[in-house]
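This report describes the fold of one protein chain.

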Amino acid sequence: MTGLKEREIAVVVGGAGGIGSAIVRKLAADGFGVVCADRAPAPAADLVGTAEIDIADPVSVEAAMTGILDRHGRIDVLVNAAGIHLQKLVVDTEPGEWDRIQAVNARGPFLTCRAAAKPMMRARRGRIVNVTTRLGFGNPYSSAYMASKNALWGLTQCLAVELAGYGITVNAVAPGHVGPGTGMEKQFREKADKLGMSWEAFEAQVIKTIPVGRWCRPEDVAAAVSWVASPAASFVTGETINVTGGFVGYGMAPPLEARFTEGDAL
């Protein structure tokens, strides 16, 4: 292990969450000096620092990134792992709910990428990794979430081209069905309740849509993030790495989905 001053600094935004904490632990184990940037307490890991950040607030983002640079002198890797979800029919989704999803899932990464790209451009090297979702490309009852994650995919593509000449790669990692112990499991359990299904029956149906036959684990996502942040991926940019176990489309049976509704808008 190199000394702290020689370690590359990786900032994980949303590092206290289920997927984010796995990324924090993986990057720390791989020798990065990891800064967990979040509003919640950081996970137990070999961290070089933490930063309080509200990614929906431009002032908070600038202050957090400036503080990290002041303390560590560099940002080599930025991982955007923060995100929130909303499960509603589009006709039941309020404008304020839509705006909140966009502020956290789309504008937040724009703000963090903008702040981190500046020192990376000066150093003429860096890695940006955005955690999107495979489900964001075709998941009903998630219009606000889908729009935000597709916006993040587009941001990834644009920045990859803009920053390539500065030695900076920009990629996305898109998990599929991430299972037990995460916020996604909580959302799935809520959905099972709305469908009138037991958790066991719902879980079995979800796993049928995953060819490898199991949930995606946060550690699976973290491994992909670690790879695109490593020198091994220096010629990979503008890509989305799907971590889905072979999941290729929305697999819930239509008769069940027809029963999922808030029921008030019509």
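Ala37 stands opposite Ala51 in S3. Two strands count as paired if DSSP finds at least two bridges between them. Helices (H or I, at least four residues) and strands (E, at least two) are DSSP runs, numbered from the N terminus.

The model is predicted: local features need pLDDT of at least 70, side-chain atom pairs count only at pLDDT 80 or more, and totals for chains, interfaces and linings use all residues. Residues are numbered from 1 along each chain as its sequence is written, and side-chain values use heavy atoms, with hydrogens and water left out.

**Sheet**

The chain has 8 helices and 7 strands. An open sheet of 7 strands has the order S3-S2-S1-S4-S5-S6-S7, with parallel pairing. Strand S3 (47-52) and strand S7 (240-243) are at the edges, each with a single partner strand, so one side of each has no neighbour in the sheet. On average, neighbouring strands of this sheet are turned by 20 degrees against each other, direction ignored.

Within the sheet, S4 and S5 pair in the parallel sense over 4 bridges. Leu78 stands opposite Ile128 in S5. Is S5 enclosed or open? Because 6 of the 6 residues of S5 are buried, this strand is largely enclosed by the rest of the structure. Buried means under 20% relative accessible area, exposed over 50%, and partly exposed in between (1.4 Å probe, protein chains only). Gly126, Ile128 and Asn130 point one way from S5, while Arg127, Val129 and Val131 point the other way.

**Helices**

Angles run from 0 to 180 degrees between N-to-C directions, and axes are lines fitted to C-alpha atoms, for helices over the stretch in contact. Contact means heavy atoms within 4.5 Å.

| Helix | Strands it lies across | Angle |
|---|---|---|
| H2 (residues 58-72) | S1 (9-13), S2, S3 and S4 (77-80) | about 155 degrees to S3 |
| H3 (residues 95-123) | S1, S4, S5 (126-131) and S6 (168-175) | about 175 degrees to S4 |

Helix H1 (residues 18-29) packs on helix H7 (residues 218-228) at an angle of about 50 degrees, with the axes 8 Å apart. H1 and H7 are therefore oblique to each other. Angles under 35 degrees count as roughly parallel, over 145 as roughly antiparallel, 65 to 115 as roughly perpendicular and the rest as oblique. Residues of H1 that meet H7 include Ile19, Ala22 and Ile23, and those of H7 include Val221, Ala222 and Val225. By class, the contact of H1 with H7 has 9 nonpolar, 2 polar and 3 charged residues. Ala, Val, Leu, Ile, Met, Phe, Trp, Tyr, Cys and Pro count as nonpolar, Asp, Glu, Lys and Arg as charged, and the others, Gly among them, as polar.

**Two buried residues**

Pro43 is in the loop between S2 and S3 and is buried at 14% relative accessibility. Not counting residues up to four places away in sequence, Pro43 touches Gly15, Ala16, Ser21, Val24, Arg25 and Cys36.

Glu185 lies in helix H5 (residues 183-195) and is buried, with a relative accessible area of 15%. Leaving aside neighbours within four places in sequence, Glu185 is in contact with Val178, Gly179, Pro180 and Trp199.
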